[in-house]
Amino acid sequence: MKILCLGRLPQDLEEKLLELAPIDFIDRTTALPDHELIEALQGKTIILTEPQDQLNEKVVAAAPELKMIAQRAVGFDNINLPVCSQNNILVSNTPGVLDNATADLAFALLLACGRRIVEADSYVRSGQWTGFENDLLLGTEIFGKTIGIVGMGRIGYAMAKRCHAFSLKIIYSRSGDLGRDDNEIEIDERDKKLALELNAQRVSLETLLKNSNFVSVHCLLSATTTELIGHKEFSLMPHDCIFINTARGKIVDEQALADAIFTNKIKGAGLDVFYSEPAVHKLLLAAPNVVLAPHIGSATAETRHAMANLAVSAALEAFKNKSKPANLLNPDIWQDWLEKQ
Ligand code: DGY
């Protein structure tokens, strides 16, 4: 048995994983070409992956010895899950441990855009500051404004808690609501709890877009959420709207976003994720009212360690303890998988 790890692992977790099998490491920041990944996968039983690694149908089909993909991320749009299940390959991810870090970054982007912090920093550093001015770098008041949270999963909820603490009014739409009008939305127990705890109200995406001073995206990338936010959606937002995305770049039509920024349809944007990372649309790079970050939502030392630990633990659970990892994305194949070991 042999393991392939894409990216580095903390020393303590490398030692833990070595209990199972020798590890080959490949350090890369962008996706390996299919043929290189296929070659590296030969003879490997487990692979540790990150969001940029493309475990598509071709790659999975060409890795006959592969039995587990342990993804070090909560998002798993880079993995063809149905094909993995068909090929009896377990797939795990890292839910839960990165909610706070990611929501912190989303909220930091909201504040940075609203209060023009990056512009202010450059202004001071470049020597332009000549003294106090009443209307210098005026931003947007946060208190009392409305935030629309697209996707009320674990990270959306962590964001909502931060927004509530800053006295923002919260409206949200859930993934199941896409394409529904307000009168088609069925409020459930979770919505009632969110209303009580955070005064948050579930609405249709259209109502959310029309009524939010800030829109923050927190849904998974899937076939239904690809380019969910495009020209039409930006045109529904109020002109003072600030758009935040810490989920996945492909949820947004980046050209539509650039157009909305440059035609002042919206006021600004805070982005941690991009359509074709690490490429960034050149108009977004040029816009002073856009704050950019290099996909660092979960990048705190503690959270990245916790994510790696979940991935390593899932592999140990499955192969050493022969027990079902809690964070399997295809638990339905577990029994069959186990019987074939
Ligand atoms: C995730 O977990 O999906 C993030 O994008 C990477 O940490």
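A: Helices and strands are DSSP runs, numbered from the N terminus, and a helix has at least four residues while a strand has at least two. The model discussed here is a predicted one.

Q: Where does Arg 248 lie among these elements?

A: Arg 248 is placed in the loop that joins strand E10 (242-245) to helix H11 (254-262).

Q: Is Arg 248 buried or exposed?

A: A residue counts as buried when its relative accessible area is under 20%. Arg 248 has 13% relative accessibility and therefore counts as buried.

Q: Which residues does Arg 248 touch?

A: Leaving aside residues up to four places away in sequence, Arg 248 touches Pro 51, Gly 75, Asp 77, Leu 221, Val 273 and His 295.

Q: How is the length of helix H5 to be read?

A: The span of a helix is compared with the value expected at 1.5 Å a residue.

Q: How many residues of H5 are buried?

A: Within H5, twelve of the 16 residues are buried, so the helix is largely enclosed by the rest of the structure. Among them are Asp 99, Thr 102, Leu 105, Phe 107, Leu 109 and Cys 113.

Q: Why do residues three or four places apart in an α-helix point the same way?

A: An α-helix has 3.6 residues a turn, so such residues point the same way.

Q: At what angle do H5 and helix H7 cross, and which hand does the crossing have?

A: The axes of H5 and H7 (residues 154-165) cross at roughly 50° and come within 8 Å. The two helices are therefore oblique to each other, and their crossing is right-handed. Residues of H5 in the contact include Asn 100, Ala 103, Phe 107 and Leu 110, while those of H7 include Ile 155, Ala 158 and Met 159. By class, the contact of H5 with H7 comprises eight nonpolar, two polar and four charged residues.

Q: How do helices H1 and H13 pack, and what is the angle?

A: Helix H1 (residues 11-18) and helix H13 (residues 301-319) pack at about 5°, and their axes are 10 Å apart. An angle under 35 degrees counts as roughly parallel, and H1 is accordingly roughly parallel to H13. From H1 the contact draws on Asp 12, Leu 13, Lys 16 and Leu 17, and from H13 on residues including His 305, Val 312 and Leu 316. Six nonpolar, three polar and two charged residues make up the contact of H1 with H13.

Q: Which form does the peptide bond from Glu 277 to Pro 278 take?

A: That bond is cis, with omega near 10°. Pro 278 is in the loop between strand E11 (268-271) and helix H12 (282-286).

Methods: Residues numbered from 1 in each chain as written. Predicted model: local features only at pLDDT ≥ 70, side-chain atom pairs only at ≥ 80, totals over all residues. Heavy atoms only, no water. Expected span 1.5 Å × (residues − 1). Buried < 20%, exposed > 50% of the residue type's maximum accessible area, 1.4 Å probe, protein only. Axes fitted to C-alpha atoms, helices over the stretch in contact; angles between N-to-C directions. Parallel < 35°, antiparallel > 145°, perpendicular 65-115°, else oblique. Left-handed = near helix turned anticlockwise from the far one by under 90°. Contact = heavy atoms within 4.5 Å. Nonpolar A, V, L, I, M, F, W, Y, C, P; charged D, E, K, R; others polar.
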